[in-house]
Amino acid sequence: MNQDLKKENSAKEAFNLIEPKLRKDSVIGIGTGSTTNFFIQELNEAKIQIKGVVCSSNASEDLIDNSYDKFSLNEVHAIDFYIDGADEFNDRKELIKGGGGALTREKILAYSSDQFICIVDESKHVGLLGEFPLPIEVIELARSAVSRELMKMGGKPIYRNGFITDNGNQIIDIHNLPIEVPYELEAKINNIPGVVENGIFANRKADTIICAKANSIEII
Ligand code: 5RP
């Protein structure tokens, strides 16, 4: 089974899991990426009666069917379910996200949600986070200064050339960074002036991980 099919299965499972719990006033948070796009497909086809959606990126918002009301986070009281993919997850349901560059809004939506359901295929499972380069959103003028701090921590920063986030900032991807205690490193990196957000999701980790394998789906 190819990876796209697994991503699609995971997204379908998430939709089937939440659909019976949705009410007319429910708000769904929508992540970003190819796995989330399969979830958007399900949502668009189902045309269910909910209050609406809050999206973590302009790209996802563009894909949502116009039958759904699209809100900013400021316009809703809470997000009932936040559905998003990940670049890596560990057994504690801690994640690395931001491969698509939407990590800041993704983290805000995840933090504001009652239930964060992460949809992945088995290739995203790791023992220790950090094989995937850690994305960090930075204010442009702080890019080199932040990079130097990350080098002191043992990482190798690579500037994501030509990429601008939906917030108008830049991304540096940190290779070979040892992420032994994700919760601590998440806070430490965010303490560097000029860092907008980093892609470690440990403070607000996933509540549920739906992991599609070749012949089964594991719900963690
Ligand atoms: C975007 C993300 C994505 O969730 C992550 O990159 C996974 O993407 P995909 O579902 O395409 O494998 O964090 O910022």
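This report describes the ligand site of a predicted model and then a set of individual residues.

## Basis of the model

The model is predicted, so that local features need pLDDT of at least 70 and side-chain atom pairs count only at pLDDT 80 or more, while totals for chains, interfaces and linings use all residues. Residues are numbered from 1 along each chain as its sequence is written, and side-chain values use heavy atoms, with hydrogens and water left out.

## The ligand and its surroundings

The ligand is surrounded by 17 residues, a residue being counted if one of its heavy atoms lies within 4 Å of the molecule; the closest are S34, T35, D87, G98 and K124. By residue class this shell holds two nonpolar, nine polar and six charged members, where Ala, Val, Leu, Ile, Met, Phe, Trp, Tyr, Cys and Pro count as nonpolar, Asp, Glu, Lys and Arg as charged, and the others, Gly among them, as polar.

A polar side-chain atom of T35 is 2.6 Å from a ligand oxygen, a polar backbone atom of G98 is 2.8 Å from an oxygen atom of the ligand, and a backbone N or O atom of G101 lies 3.4 Å from a ligand oxygen. Of the 380 Å² that the ligand exposes when taken alone, the protein buries 91%, with accessible areas from the Shrake-Rupley method with a 1.4 Å probe and, for residues, only the protein chains shown counting as cover.

Helices (H or I, at least four residues) and strands (E, at least two) are DSSP runs, numbered from the N terminus. D173 is found in strand 10, residues 170-175, and counts as buried because its relative accessible area is 13%, given that buried means under 20%, exposed over 50% and partly exposed in between (1.4 Å probe, protein chains only). The side chain of D173 makes a polar contact of 2.8 Å with the side chain of R160.

E106 belongs to helix 4, residues 103-111, and is likewise buried, with a relative accessible area of 3%. The C-alpha atoms of E106 and T165 are separated by 12 Å, although these residues are 59 residues apart along the chain.

## Loop residues with positive phi

Most residues other than glycine have a negative phi. K93, which is not a glycine, has a positive phi of about 65°; its place is in the loop between strand 5 (88-89) and strand 6 (95-96), and K93 counts as partly exposed because its relative accessibility is 21%.

N176 is not a glycine either and has a positive phi of about 55°. The place of N176 is in the loop between strand 10 and helix 6 (182-190), where N176 counts as exposed at 59% relative accessibility.

## Glycines in loops

G154 is found in the loop between helix 5 (143-152) and strand 9 (156-159), and at 43% relative accessibility G154 counts as partly exposed.

G168 lies in the loop between strand 9 and strand 10 and is exposed, with a relative accessible area of 51%. The C-alpha atoms of G168 and E137, which are 31 residues apart along the chain, are separated by 9.8 Å.

Technical notes:
A polar contact is a pair of N or O atoms within 3.5 Å; within protein, one must be able to donate a hydrogen and the other to accept it, and residues adjacent in sequence count only if both atoms are side-chain atoms.
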